[in-house]
There are 2 protein chains.
Amino acid sequence: MAALAGVGEATVSRVLNGRANVRPATREKVLEAIRALDYRPSSVARSLSLGRTMVIGVVVPWFTHASAVERVRGIVAALSGSPYELMLFDVESEDRQRRAFELLDRGDRADGLLIVSTLPTDAQLERLRTALLPCVLVDARHESIPNVVVDDVAGGEMATRHLIELGHTRIAFIGDTPPEFRFEWSRDRTLGYERALERAGLERRPHYVREGTRSRHVARSIAAELLSLDEPPTAIFAASDTQALGALEAARSRGIRVPDQLSVVGFDDVEVAAYVGLTTVRQPLFESGRRGGELLLRALDGHPLAAHSEVMPLELVVRGTTGPPPTAVA
Amino acid sequence: MAALAGVGEATVSRVLNGRANVRPATREKVLEAIRALDYRPSSVARSLSLGRTMVIGVVVPWFTHASAVERVRGIVAALSGSPYELMLFDVESEDRQRRAFELLDRGDRADGLLIVSTLPTDAQLERLRTALLPCVLVDARHESIPNVVVDDVAGGEMATRHLIELGHTRIAFIGDTPPEFRFEWSRDRTLGYERALERAGLERRPHYVREGTRSRHVARSIAAELLSLDEPPTAIFAASDTQALGALEAARSRGIRVPDQLSVVGFDDVEVAAYVGLTTVRQPLFESGRRGGELLLRALDGHPLAAHSEVMPLELVVRGTTGPPPTAVA
DNA sequence: CTGAAAGCGCTTACAG
DNA sequence: CTGAAAGCGCTTACAG
């Protein structure tokens, strides 16, 4: 290449990188040779030399879930104006997650990391740190890593209070199974639920609090069980829209009218929620991804990141699945 | 590193790659040094040396669409057992697409390419070919590249025939805008629609065939216009579920009952479709991604790919949004 | 079984 | 403004 152009390698490099200090005639010669050879510079060699890959890694479990996808979309949007490409690590098991971090903490696969809806172990975080890999957490918090989150306790309380204000006293909660990915929002939403009950002076009924994997199917059978209790709840707060949809299905299949006989509140406000008229707590999914992407880009740009929590706003969106409880007794 | 262990670099490399011909004692020394130094081998250097990156690029426009995401999920599933990582190129504009291919056709960013729901120009394909980059097309066809597709003409015909068999004669079609990404399935579905009408001896009414960008919002207003024609259609076939949902909204907001007064058929069978009971033509979105991934992995494994079309099956899923037309006249 | 050396293809001081 | 040379950190014949 350099030979054909009759110049040194350094000059080719200068031309390729658009440096100023090259004489026009020389530049022309190089450009000509590039054309003649259909020459394509190697990004790998460049990466090795520069120690940068121009890749941002995104680690996300639950890529099968609408909310995770929505966050990834936000990340994609944030990166779209940047020179970085996105490498996606879908880690649907702890094993896959471990492997992903083992690859990433070598430090030369990506220049930075966005970790979504999962919290690496402290050992993993320590290795990422020693690999000098800037990280931003989205939908997970850690005191030593910048993160963008929502206040799940407040969200759980918001949803529950809405039901209480409508007059409900028998309010059930369908949460997630304990955090396989050290993922604690479901627990926080439970706390919010309990706090709302407590503040309203309502008793907590342990059999009204149920957990299951985050799927419509499972939530549907949990809801079915709740609805066949001797004293069934008049309202259900589900820790995610997906689960709320399952609850709606359970009601529908038993001929229970919503919201006349049963109120249902979800969490997230995924796209379907608006379509089916689900009352829910909206969290800015897309925005959280975008914001995380922005923070990381800023860090990559040399501005050091403070390890703080950026708390995104939550909003109760009242639609058609909540109303006053059926008039008790008669 | 090699120094600390008191061995040559080659030996370190052998240990790292688990080659057999290393004496156990030597191996131990190396392993010990690795531990002591917290040594992490560089994948970039390895890539440069080997000429392989262990990365598969996925080019996908419309990552904002549920169907694209579903395909990507299938790809993720296919790669999950492999040693390849996934690099995602969301190309929501022609310009981004051009840039993505310019990066990829250097040939050292990824070892293979999955191109989803878009067809590169011939010039782009030629450059990918000279870069020796194996490609598989998903949801796009090209005679010289292996691809996995569905028969969109047959699908369009299937949906339309269903409506005809129910007794409809005034059937409208909401398609996509002309293919920004050289993306022709909407046109093919239109052809299928027209063919079904023709075979049934029904007249084609040009004002019943409308196009709009693939969004619920746009489809909704198109449907609203169709429904306010002097002689409105009794059935609408939409080229995607997203658009079908828009049509349903239009009907709902005008108090038109579905399916009593209006039948609606979609295309894709995205997750929401089942939930809202939409009759649709199911195409195996997830499967298409998975299959594409498998084909590419096979190619990467040294088995040359024949440039053939793998046609995935289409299936009419009849649910609650289609029925006989309202009994005419009275 | 093991090591010295060349090679992968860039970038970047360092001299001119 | 430009080139020779070293360096980024691996792998792989080639000798021993």
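Student: What joins strand β6 of chain A to strand β8 of chain A?
Tutor: In this predicted model, 4 bridges join β6 (residues 171-176) to β8 (residues 235-238) of chain A, and the two strands run parallel. Ile174(A), for instance, has Ala238(A) in β8(A) as its bridge partner. Strands are DSSP runs of E of at least two residues, helices runs of H or I of at least four, numbered from the N terminus, and two strands pair if DSSP finds at least two bridges between them.

Student: What's the strand order in that open sheet?
Tutor: The 6 strands follow the order β7-β6-β8-β9-β10-β12 in chain A, with mixed pairing. Because β7 (209-212) and β12 (315-317) of chain A each have a single partner strand, one side of each is left without a neighbour in the sheet.

Student: How is residue numbering set, and which cut-offs apply?
Tutor: Residues are numbered from 1 along each chain as its sequence is written, and chains are lettered from A and ligands numbered from 1 in the order in which they are written. Local features need pLDDT of at least 70 and side-chain atom pairs count only at pLDDT 80 or more, while totals for chains, interfaces and linings use all residues.

Student: Switching topic, how many residues of chain A are in contact with chain B?
Tutor: 34 residues of chain A are in contact with 34 residues of chain B, contact being C-beta atoms, placed from the backbone, within 7 Å. β2(A) gives the most to that side of chain A, with 6 residues.

Student: And how does β2(A) meet β2 of chain B?
Tutor: 3 bridges join β2(A) to β2 (residues 85-90) of chain B, and these strands run antiparallel, with Leu88(A) opposite Leu86(B).

Note on methods. Contact = placed C-beta atoms within 7 Å.
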